[in-house]
Amino acid sequence: MPWRRFRKKVERPIDVSKSIEESLEDAADGESEEDAAELAELDDATIAEAATGEPDDDRAPTELGEKLRGALDADAPHRGGPPRSAPRGIAVDRRLGAARSEDPHAASPSYPEAGVDLTVEAARGLRLKNPVMTASGTFGQGVEYAELFDVSRLGAIVNKGTTPAARPGNPQYRIAETPSGILNSIGLENPGAAEVARKYGKAWAELGVAVIVNVAGYSVDDYVFVVHEMTGTPGVVAYEINVSCPNVKGGMLFGCDPDLAAEVTRAVKAETDLPVIVKLTPNAPDVVAVARACEEAGADALTAINTVLGMRIDTRRRRPILGTGSGGLSGPAIRPIAVHITYQVAQAVSIPIIGAGGVTNAQDALEFLMAGASSVQVGTATFADPLAPLKVIEGLAAYVKEHSLASIRDVIGVALPAPED
Ligand SMILES: Cc1cc2nc3c(=O)[nH]c(=O)nc-3n(C[C@H](O)[C@H](O)[C@H](O)COP(=O)(O)O)c2cc1C
């Protein structure tokens, strides 16, 4: 059970100015060597890099990082990836991605999903080779992970929330551990749309994986501006609109109000020809009403769901642990909420739904698919195991074979009530 690995006290400040390995070594301070190796498995300590979406290009590989890569190589030699001696950074990864086949079923004949029909329609006009994506904010800009495995095997990656201008993010602490999940309050730390497009566009195209840009803002104009800035960026196939942001004028979250959510959807649709996916917040009083409004406004898909509001208190300091007080709960703790919302929304709209919330393995993904999602995102699970998204793909392929299905599409919505005549 990968969750066991969260023994690390993540309430300690995560200093994003430190290298991943340094953060891990701090966290492992005083623990046994085996503990340190296990901590490294969290994700090569990419919580800071993954959460900010900013790779530390200057960071030299450390013994701990090498250990992780060694463990990953030994764990899954067929998963692909650069040689262990490869330097950190984007250049190597780009070349690897560029070499990938365009054939959706045959990234490599040695991959377990080869030859299994996992293709899905993730949004109107967006067909993916398999239904497994990474969730925004948990996979950096994608390029960081290309060093660890062949990311072209993923259905798609969703980048870190992108705003019009650079944002430094929220004050510490930004992450707190909870039973079966984490609370985060990263605060949309990112370099701004123009810099994201400039810095990652070429790398994304060469990775050979579909990239969905997660768009955030505090006004309708902000969302439109980001999409405008990202237009023409290589590799980008769709936009995911994060409506869990407070509207500067009204103060209310865009995603809590059907009219506001529809207004953003309409404005973004008018700006781009690419599919527009609206990411629902479970904190809305009536999430089904928001979903319907977005569909009517032209959304091409809905992601269900973003994080659930939560809080932890530091009883010693008698204050909330997170710098912002409350934060977003993610991980297995929210999965039943996310599956329930998927099930409700699937009966209310006819556009595709992307399920998100606590997916850690193929069984979890199947719950979402059977509840009506046509694809899923894997988020928090990648902090405990960076290979979790690949394991979900492999597990789904095994399920299709084991049940002699023609395609994974055969399970989409099978748990929904039969439509009334
Ligand atoms: C550290 C962290 C950062 C996140 N950042 C974003 C973000 O920038 N934009 C967004 O739409 N969702 C963001 N999310 C929400 C995830 O994309 C996902 O919807 C949520 O965590 C539920 O999935 P999970 O339980 O698999 O993590 C973030 C989640 C975490 C844990």
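Which residues of α13 are buried? They are Ala-388, Pro-389, Leu-390, Lys-391, Val-392, Ile-393, Glu-394, Leu-396 and Ala-397, where buried means that 20 or more other C-beta atoms, placed from the backbone, lie within 10 Å of the residue's own. The model is predicted: local features need pLDDT of at least 70, side-chain atom pairs count only at pLDDT 80 or more, and totals for chains, interfaces and linings use all residues. Residue numbers start from 1 along each chain as its sequence is written.

**Helix α13**
- Helices (H or I, at least four residues) and strands (E, at least two) are DSSP runs, numbered from the N terminus.
- The 15 residues of α13 (388-402) should span 21 Å at 1.5 Å a residue, and the end C-alpha atoms are 21 Å apart, which agrees; the expected span is 1.5 Å times one less than the number of residues.
- The cover over its buried residues includes β3 (132-134), α11 (362-370), β16 (375-378) and α12 (381-384), with contact meaning C-beta atoms, placed from the backbone, within 7 Å.

**Open sheet**
- Four strands, in the order β5-β6-β14-β11, form an open sheet with antiparallel pairing; a pair needs at least two DSSP bridges.
- β5 (175-178) and β11 (308-310) are the edge strands, each pairing on one side only.
- β5 and β6 (residues 181-184) run antiparallel and are joined by 4 bridges, with Glu-177 opposite Ile-182 in β6.

**Ligand shell**
- The ligand is surrounded by 27 residues, the closest being Gly-137, Gly-161, Ser-330, Gly-379 and Thr-380; near means a C-beta atom, placed from the backbone, within 6 Å.

Key. A residue is buried if 20 or more other C-beta atoms lie within 10 Å of its own, exposed if 12 or fewer, and partly exposed in between; C-beta atoms are placed from the backbone. Two residues are in contact if their C-beta atoms, placed from the backbone, lie within 7 Å.
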